Amino acid sequence: MAAREPVIITDKDQMRTWSRSMRSQGKTIGLVPTMGYLHQGHISLIKEAHKRSQLVVLSIYVNPGQFSPSEDLSTYPSDFNGDIQKIMAVPGGVDVVFRPQNLYDYGNNCRYRDYEEEREARRQKVVSCVEERALGHETWVRVEKLEKGMCGKSRPVFFRGVATIVTKLFNIVEPDVAVFGKKDYQQWRIIRRMVRDLDFSMEVIGSEIVRDTDGLALSSRNVHLSPDDREKVSSLPLSSIGCCILKL
């Protein structure tokens, strides 16, 4: 069977129109949210989405809202053409790749005009790259208890950024099912709780961890690990590896 090339959508209104058109035909939609630089862990999420829905949308968006200005947003690995080839190698592929450019840019009229207000925003205790760029985005989703502790201790903007961008993706794609990896276990629990508390009409699926031959959970960021880093992380208890990767 020839590889099937996905439709690539970059505009959020076009993405929403596509989803609503498919749903009006009685089709169910599965969403696999990613930040790109796909690996076999992501491929397992695509396969799981195929089991639970008739159509699959994979999003690729490196979310500035979950990075602080001192973190690795600018060096996060990317290979869009390689990602498309990996997707096409999966039986069934995906129907749509949603690749928005900036989900926090609301046009020039929404940028801060008052520079005192902008400086004050940057003085706040919790600052992400979105606030640093003064794009005018003000609304954040927080799961207050579950975001505390573990990875949340060292990355205070991370989980509110994840919860917010996932909410935006859910509102744009309007999926019936969304599939996340349990590698980021705290994140998966937070999204499940958010969906419950905010009455999203959808199901959140947790897919089991996919590991490399040395036992390290597959992660896009692993490309930045030196052999010494890999050895150190692989020697840690499996329950702590996920958060450790986030800090490296």
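Biologist: How do you know that the length of helix 2 agrees with its 13 residues?

Modeller: This is a predicted model, and the check runs on its C-alpha atoms. At 1.5 Å a residue, helix 2 should span 18 Å. The end C-alpha atoms are 19 Å apart, so the two values agree.

Biologist: Which residues of helix 2 are buried?

Modeller: G41, H42, I43, S44, L45, I46, E48 and A49. Each falls under 20% relative accessible area, because that is the cut-off for buried.

Biologist: What covers the buried residues of helix 2?

Modeller: The cover includes strand 2, strand 3, helix 3, strand 5 and strand 6.

Biologist: What makes strand 2, helix 2 and strand 3 a right-handed unit?

Modeller: Point the strands away from you. The path from the first strand over the helix to the second must run clockwise. Strand 2, helix 2 (residues 40-52) and strand 3 make a β-α-β unit of that hand.

Biologist: How do you know that strand 2 and strand 3 pair?

Modeller: Pairing needs at least two bridges. Six bridges join strand 2 to strand 3, and the two run parallel. P33 stands opposite S59, and I29 has L55 as its bridge partner.

Biologist: How many bridges join strand 2 and strand 5?

Modeller: Two, in the parallel sense. Pairing calls for at least two, so the pair qualifies. L31 stands opposite A178, and the bridge partner of G30 is V177.

Biologist: Why is strand 2 called mostly covered?

Modeller: Six of its six residues are buried. On one side lie I29, L31 and P33, and on the other G30, V32 and T34. Both faces are covered. In a regular strand the side chains alternate between the two faces of the sheet.

Biologist: Why is strand 3 called largely enclosed?

Modeller: Six of the six residues of strand 3 are buried, so the rest of the structure largely encloses it. L55, V57 and S59 point one way, while V56, L58 and I60 point the other way.

Biologist: What makes strand 4 a partner of strand 3?

Modeller: Three bridges, in the parallel sense. The requirement is at least two, so strand 3 and strand 4 count as paired. L58 stands opposite V97 in strand 4. The chain crosses from strand 3 through helix 3 to strand 4, and that β-α-β crossover is right-handed.

Biologist: How many bridges join strand 5 to strand 6?

Modeller: Five, with the strands parallel. G181 stands opposite S207 in strand 6. Strand 5, helix 8 and strand 6 make a right-handed β-α-β unit. Strand 5 is mostly covered, with four of its five residues buried.

Biologist: Which residues touch the most other members of the largest nonpolar core?

Modeller: M15, W18, V57, F170 and M194, in a core of 39 residues. Helix 1, strand 2, strand 3, strand 4, helix 7, strand 5 and helix 8 each supply at least two residues of this core. The largest share, ten residues, comes from helix 7.

Biologist: What does V57 touch?

Modeller: Leaving out residues up to four places away in sequence, V57 touches M15, W18, I29, G30, L31, V32, V96, F98 and V173. A second, separate core has 19 residues, including L45, I46, F80 and V94. In soluble globular proteins, nonpolar side chains tend to be buried together.

Biologist: Why is Y37 called partly exposed?

Modeller: Its relative accessible area is 27%. Buried means under 20% and exposed means over 50%, so Y37 falls in between. Y37 sits in the loop between strand 2 and helix 2. Its phi is near 55°, a positive value in a residue other than glycine.

Biologist: Why is D199 called exposed?

Modeller: D199 has a relative accessible area of 67%. The cut-off is over 50%, so the label holds. D199 lies in the loop between helix 8 and strand 6. It has a positive phi of about 60° although it is not a glycine.

Biologist: What share of the protein chain is buried?

Modeller: Buried residues make up 51% of the 248 residues. The chain has ten helices and six strands. Its accessible surface comes to about 12,900 Å², with 48% belonging to carbon and sulfur atoms. Among contacts between residues at least 6 apart in sequence, 77% join residues at least 24 apart.

Definitions and conventions. Residues numbered from 1 in each chain as written. Predicted model: local features only at pLDDT ≥ 70, side-chain atom pairs only at ≥ 80, totals over all residues. Heavy atoms only, no water. Core = buried A, V, L, I, M, F, W, Y, C linked by side-chain atoms within 4.5 Å. Buried < 20%, exposed > 50% of the residue type's maximum accessible area, 1.4 Å probe, protein only. Contact = heavy atoms within 4.5 Å. Areas by Shrake-Rupley, 256 points an atom, 1.4 Å probe, with all protein chains shown as cover. Expected span 1.5 Å × (residues − 1).
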